[in-house]
Amino acid sequence: MMNFLLISALFVAAQCHMCLLNPYQRPGFVNDTALSTAGASQCALMTEPCGGVSANFVNAAIMSETYTVVMEKNLDHFNSAGTPGNFTVNLWSSGGEFIRRLGYVMDDKRPSGSIYQVQFPVPHEGGMSR
């Protein structure tokens, strides 16, 4: 029997302008106009976890499989003079409790519209609150 990890509150978009392309961010479809417009409001979900958007659907991933999160930097905030930021993927419970960091990729001087990826093995602990 296959084990599935329910990813109900997996990704955090905090303090940045980024759109999740895989899995699609909540509340769902982001149109081409938003993806090609730097600073689009659809890509500025800054409340933890999950941009402050409630879970009306659940993403599923198979435990131990390699998963890739794909995101677009929708507005460039790269700070070469200070400490550059990063795009971090965290696992949160369905109740909003942080479980652990799954991976990250450093920001760089690529412009708005650039694609970043974070790859990680899907963990065995689930994201459901007890």
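Mentor: Searching the whole structure gives three salt bridges, a salt bridge being a side-chain nitrogen of Lys or Arg within 4 Å of a carboxyl oxygen of Asp or Glu. Please keep in mind that this is a predicted model, in which local features need pLDDT of at least 70 and side-chain atom pairs count only at pLDDT 80 or more, while totals for chains, interfaces and linings use all residues. Residues are numbered from 1 along each chain as its sequence is written, and side-chain values use heavy atoms, with hydrogens and water left out.

Let me begin with K73, which forms a salt bridge with D107, the closest N and O atoms being 2.9 Å apart. This pair links distant parts of the chain, since K73 lies in strand β4 (residues 66-73) and D107 in the loop between β6 (98-106) and β7 (114-121), 34 residues apart; strands here are DSSP runs of E with at least two residues, numbered from the N terminus. Both K73 and D107 are buried, a word that means under 20% relative accessible area, as against exposed at over 50% and partly exposed in between, with a 1.4 Å probe and protein chains only.

K73 also forms a salt bridge with D76, where the closest N and O atoms are 3.1 Å apart. K73 has a relative accessible area of 1%, whereas D76, at 32%, is partly exposed.

Key:
Helix = DSSP H or I, 4+ residues; strand = E, 2+ residues; numbered from the N terminus.
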